Amino acid sequence: MNHGVPPLAGHLRSYRAHGHTVIEFHGEIDIAAALTILPVLDAATTPHETLIVIDLTPVTFFDCSGLALLCRARGRLEARRGELLLVCPQPLILRMLRILGLTGRFRPAPTLTDALRDGRPAHELS
């Protein structure tokens, strides 16, 4: 599924899986990282993309700057009736989303496979 994944660039990696863009956040996602991630997210949420997956699995720290990135990407996609899928097995990030009442809006999945299965018809995954 991840054949030909490009090398890590800063705090993120972007690749295609099952015809959709997957953006992995890596390391500490704070205000400095958000400044480097923002242009990539804006480019990924262009009008031709209808579904983006953000994978937080490799994240070691996540603050409100990271949350702002997620909200911005989700808003840009929803404005065009697109969808943001979130992969997040991180207990502390999940707790933050739960405390802020955002788990229903983001519906985090524990793995990329789960996110794609929940976000797309099963026949599209084969």
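Leaving aside its neighbours within four places in sequence, which residues is P110 in contact with? Contact here means heavy atoms within 4.5 Å. The residues in question are V87, C88 and P89.

## Basis of the model

This is a predicted model, in which local features need pLDDT of at least 70 and side-chain atom pairs count only at pLDDT 80 or more, while totals for chains, interfaces and linings use all residues. Residues are numbered from 1 along each chain as its sequence is written, and side-chain values use heavy atoms, with hydrogens and water left out.

## Overall fold

The chain holds 5 helices and 6 strands. Helices (H or I, at least four residues) and strands (E, at least two) are DSSP runs, numbered from the N terminus. Read from that end, the order of elements is β-β-β-α-β-β-α-β-α-α-α.

Of the 126 residues in the chain, 43% are buried. Buried stands for under 20% relative accessible area, exposed for over 50%, and partly exposed for values in between (1.4 Å probe, protein chains only). The accessible surface of the chain is about 6600 Å², and carbon and sulfur atoms account for 59% of that surface. These areas come from the Shrake-Rupley method with a 1.4 Å probe; for residues, only the protein chains shown count as cover. Among contacts in the chain with a separation of 6 or more, 63% are between residues 24 or more positions apart.

## Packing of α1 and α2

Helix α1 (residues 31–44) packs with helix α2 (residues 64–78) at an angle of about 15°, and their axes are 9 Å apart. Axes are lines fitted to C-alpha atoms, for helices over the stretch in contact, and angles run from 0 to 180 degrees between N-to-C directions. The angle makes α1 roughly parallel to α2; the classes are roughly parallel under 35 degrees, roughly antiparallel over 145, roughly perpendicular from 65 to 115, and oblique for the rest.

On the α1 side the contact is made by I31, A34, I37, L38, L41 and D42, and on the α2 side by S65, L69, R72, A73 and R76. By class, these comprise 7 nonpolar, 1 polar and 3 charged residues. Ala, Val, Leu, Ile, Met, Phe, Trp, Tyr, Cys and Pro count as nonpolar, Asp, Glu, Lys and Arg as charged, and the others, Gly among them, as polar.

## The loop between α4 and α5

A109 is in the loop between α4 (103–106) and α5 (112–119). A109 is buried, at 4% relative accessible area. Its contacts, apart from neighbours within four places in sequence, are L86, V87, C88, P89, D114 and A115. A109 and P89 are 20 residues apart in sequence, with 7.2 Å between their C-alpha atoms.

P110 belongs to the loop between α4 and α5 and is partly exposed, with a relative accessible area of 47%. P110 and P89 are 21 residues apart along the chain, and their C-alpha atoms are separated by 4.6 Å.

H18 lies in the loop between β1 (12–17) and β2. H18 is not a glycine, yet its phi is positive, at about 55°. With a relative accessible area of 33%, H18 is partly exposed. H20 is in strand β2 (residues 20–25) and is buried, at 14% relative accessible area. H20 and E49 are 29 residues apart in sequence, and 7.9 Å separates their C-alpha atoms.

R81 sits in the loop between α2 and β6 (83–87). R81 has a positive phi of about 65° and is not a glycine. At 80% relative accessibility, R81 is exposed.
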